[in-house]
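Trainee: I would like a close look at a single part of this model. Please take me through one chain, inside and out.

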Amino acid sequence: MKRRSFHALALAAGLLASTAIFPAFAQNAPSDLIVAQAFDPTSLWPNFNTASDEINAGALITEPLFWTDPKTNKMMPVLALGYEMEDDTTILVSLRQGVSFTNGEPFNADAVVASFTNFMNPDVAPAYGRYASVFESIEKVDDNTVRIKTKSPYPALELALGKVYIVPPAYWAEVGADGFGAKPVGTGPFKLEEWRRDDRIVMTRNETYWGEPLKGIERVILRPVPDDMARAAGIEAGEFDIATNIPIANAAAIEAAGKKIVEVPSYRIFSLELSNLEMHPSPMHDKLVRQAVNYAIDKDGIIDGLFEGRAKHLNGQLLRSNQVGYNPDLTDYPYDPEKAKELLAEAGYPDGFEIDFRFPSGRYVQDQEVATAIAGMLEAVGIRPNMIQLEAGEFLRQLVGRELAPIGYVGLGPADDPDLQMSQYRSDWRYSYVSDPEVDRLIDAGAAEMDSGKRAVIYQELSKYMRDQASVAYLFQNVDLYATGSDVQGFLPRGDQLWMLYGVSVGDK
Amino acid sequence: MGKYLLTRLLYVLPSLLGVLIICFFLTRLSGDPTHLFMPVDATDEALAAFRAKHGLDRSLPEQFWLFVYNALQGDFGNSLRFSVPAMNLVAERLPATLELAMATLLIAVTIGIPLGVMAAYWRGRPIDTGIRYLAALGQSVPTFYWGIVSIIVLALWMRLLPTGGRDGLTSLVLPATTLATTMMALIIRVTRSSMLNVIEQDYIRTARAKGQTEFVVVVRHALGNSIIPVITVIALQFGVLLGGVVVTETVFSWPGVGRLAIQAIYARDYPVVQAVVLFFAVVFVFANLVADVLYSFVDPRVRLK
Amino acid sequence: MTQTNTVPSPSQRRGVWRGMLKQIRRPGVAIAVAVVIMLVAMSIFPGLFTSQDPNLQSILSRLKGPMFEDRSGVLHVLGTDQLGRDIWARIVYGARTTLIVSIGAVLVSAALGIFLGLIGGYVGGVTDAVILRLIDMQLAFPVILLVIGAVAVTGQSLAALIFLMGLASWPTFARVIRSEVLTLRDREFVEAARSIGATQSRIILRHIVPNVLSVIMVVATFELSTMILIEATLSFLGVGVQPPTPTWGGMISEGQRYLSQAWTVSLFPGLVISITILAINTLGDELRDLLDPRLARTEN
């Protein structure tokens, strides 16, 4: 009897412990747009940092003068009305009228001048030094016009203009960059309501917004969800309206759950750095060996197999097909292991060789997997890679420290301009692994040419030359995957992972 | 008892200092972090300015001296990423982590101890075997895998709970149970073996002979006398628990100190890494101190001196 | 930890081994022993268990389920992983690395912990106080943070990983050994040795060490499971063993990304880890029960 009472009690205790109490879910209003990104921003001032998750959050509140719209691939005026070139180095920008910041300050030429002055001060906006150095000066012409001078003719001008976000000068003077980053005030469609670090940023609709109000969206809630699997599960379960960086492996299940997958060809170009720098002696100095590496890699296998078709061929060049300077005559090195072996033998390595191969883990999409696959392909032709896996931070340090040699797996995603892309391969660039005077000459020629047609010819020549030299091993162009709820319309990010909510609406399938 | 606690605290100080020193050199050895905070195409001037601002251009001994000097005054430096005091970042995220740790402890103890008692009581019976296998299972699955599988099964398929975030009690259930699995398994094992040591002792027989109910005998006499090793293990496991927080908070996007820690390590945000490690160390020490005090409550024979 | 009262005399120790043999007849223990023997065989002669190359990729036949037969007629019993490699072959070949890493780490931590535990317990005084502080320091420093931080410095070599994992868990050994020694130090047979003028090192090696050996065994079995899990977690965080070398933990952490497409990829290595830890823990439990003299009395 006594023992039995103990049984009963033990059973009761067990049951009690295992049944948790489930209160009702905290319901979000249907007019809340919940966006899951990987990281919480450090600052909501978009010119604080160049990380896309940060800019995307801040750009809902503060706006730039121009924005290159991914739907049309054209530059669209935001706070500007348009611009005209007075000469090669002088731009006259006319500004939108009747716009004010949510704290009541007017948007005018003074605000633009103040914002550009911040942007051009390396102590205030150090992350944008490369773009700031383009500008010589800015002055107010009248309340609705500013004149901007560049130091020299600059082909990627529109790009640089679009980088500057306009802040209210009086408020900025009061709180400074750090204060503004924590509590921004802007002209954008939303204003900050609450920011719980690492948890959520809540933004409410700006009732006095100058533009078209976003249909069906009263609030935007940004949630940082670092784990890819968890982010994908969240959108599949309907907890988020938009989720960024969806793993390819989850795309099918998300679509099957009735959500939409948005595929955006990324600006990120993947290649193997095959260093021919003097500081990195290796067989990679031999053009034949570099070509052999290119022949050894099965691009189709990677794109169709590992990425299930959600990646694009490079066609033997580093510029993308919709860019100025893309060379339509070039093709990928075919996958030909036999040819690779022949070339290696011809270069004096009939038995192959052993070589260090560095790659990141957790920085790029399926990076460890792609690197392992490539290592297997190289091994098959006699190049025995000694795989060195680098944690993401260490990888970045080695990349910019020129330690990612002799072979390094990289995905470079610079701004959308042929000069900014190709100058990454100039021999004096911080993380260039190519040392070739001809490459340098063509890069310089392209950078100085303002005429788009002549520019294109120079870059086509450069691409052809680099392909023949096999300056790098060409791999693929990445495709970014986003997922949205079925009732989210018009969401389209750019290839640099930036997005705005202009034209996005919720409801009415 | 006050004097005892004070002595204990004094003993702990050199350990904490040691932890900080190791942490300082470990982080500094991992190289110049400047490039991780600036865009890859940042200008050289901008890089130099960043280094100067955070004292990274000074020699290592100089940096160390400054670090110790400031740390002794309670200043652990500014985060390289957020430009605010590192300790503030930890303090901001403290409530979330403590909430998670307490819930974990609660689950692990309320399930672990009864199961351990039952296993010991019915030693060698099927129920004992079952509980022991359950414990082994809990100890044999990595935390991240538990986490992801539970997200898929409970949040995605069954839609019982949210996949992550910190939004009321429902969002606490998955991360806390995930984190509790390992600890619960350990508590089961320790409770069982400790109970076995006690259960055949003479005073248990005496208690039975006196006609006390079986429940009183088991819970008051046997469990009461075998609880000390359990408390010790829980306190010692606090370090492991905090390590587990790192993974769990990342998987469940729980806005706590563990996630801050992993981000800071990946980004080489030295001051934040130091602040987090110091925080973990203090929590660990505190947990063990609490365990010491608990001893004297559960067992009158233990006197703190 | 819990074994503070366990002080088997030499004669009891012989009883332990006899008891162990007797226990093998119980089915649970027999299975556990069989599992361990098989694992050891796998890591020494992997070729006996599979004819497949664990690193042979075939991107076109990736993420296939169990019993998948590829175009060349090869049967993949447990299916293939994200690079089309045979999962069973990777489990078999992964046994070696997994066991080397985890056993290696346990050996490192045991060596360090036993040494410091013996010294601390036997010498006492200031030395003991310093060692206790070291233990506190190490316990307060989360293992995962220590290893991630240090791997950035040392690079992800196997040796560095083993050493760091070992470094992170020596305090468990040190604490247990130290308290064992404290109770042994003043026992008659140690006193006797001291009175006939045996040197300190001789007393420690001849009289103390043999008596704590069984406790060491028990702690070691538990630490072994912990190490297998730590290795998996490190892989998940991107600082585990270098690819393409297979480890069970690495297989789970790579495979979890494909849970929605091919859940078997992470399930099988997960099962193998569970079975292994179950077996090791069963043996550890048996050992502990046998070592406890009072328990032994109640059973016989």
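Mentor: What follows is a walk through chain B, from its helix packing to its contacts with its neighbours. Keep in mind that this is a predicted model.

Start inside, with helix α5 of chain B, residues 86-121. One partner is helix α13 of chain B, residues 270-298. The two axes come within 8 Å and cross at roughly 50°. Which residues make the contact of α5(B) with α13(B)? From α5(B) come B:A86, B:M87, B:L89, B:V90 and B:L94. From α13(B) come B:P271, B:V272, B:A275, B:V276, B:L278 and B:F279. By class, this contact has 11 nonpolar residues, with no polar and no charged ones.

Now take another partner of α5(B). Helix α8 of chain B covers residues 169-199. The axes of α5(B) and α8(B) come within 6 Å, and the crossing angle is roughly 35°. This crossing, too, is right-handed. Here the contact counts 25 nonpolar, five polar and two charged residues. So much for the helices.

Begin with chain A. The size of an interface is often given as the accessible area lost when the parts come together. Between them, chain A and chain B bury about 4,800 Å². Carbon and sulfur atoms carry 62% of that area. The contact takes 47 residues from chain A and 56 residues from chain B. How many salt bridges are there between chain A and chain B? The count is five. One salt bridge joins the side chains of A:E391 and B:R268, at 2.7 Å from N to O.

Then turn to chain C. Chain B and chain C bury about 4,300 Å² between them, with 70% of it on carbon and sulfur atoms. Chain B gives 50 residues to this contact, and chain C gives 45 residues. Three residues of chain B deserve a look on screen: B:F144, B:Y145 and B:R189. Together they supply 14% of the area that chain B buries against chain C, more than any other three residues.

Notes:
Residues are numbered from 1 along each chain as its sequence is written. Chains are lettered from A and ligands numbered from 1 in the order in which they are written. This is a predicted model: local features need pLDDT of at least 70, side-chain atom pairs count only at pLDDT 80 or more; totals for chains, interfaces and linings use all residues. Side-chain values use heavy atoms; hydrogens and water are left out. Axes are lines fitted to C-alpha atoms, for helices over the stretch in contact, and angles run from 0 to 180 degrees between N-to-C directions. Helices (H or I, at least four residues) and strands (E, at least two) are DSSP runs, numbered from the N terminus. Contact means heavy atoms within 4.5 Å. Ala, Val, Leu, Ile, Met, Phe, Trp, Tyr, Cys and Pro count as nonpolar, Asp, Glu, Lys and Arg as charged, and the others, Gly among them, as polar. Buried area is the accessible area (1.4 Å probe) that two parts lose on being put together, summed over both. A salt bridge is a side-chain nitrogen of Lys or Arg within 4 Å of a carboxyl oxygen of Asp or Glu. A crossing is left-handed if the near helix is turned anticlockwise from the far one by less than a right angle, and right-handed if clockwise.
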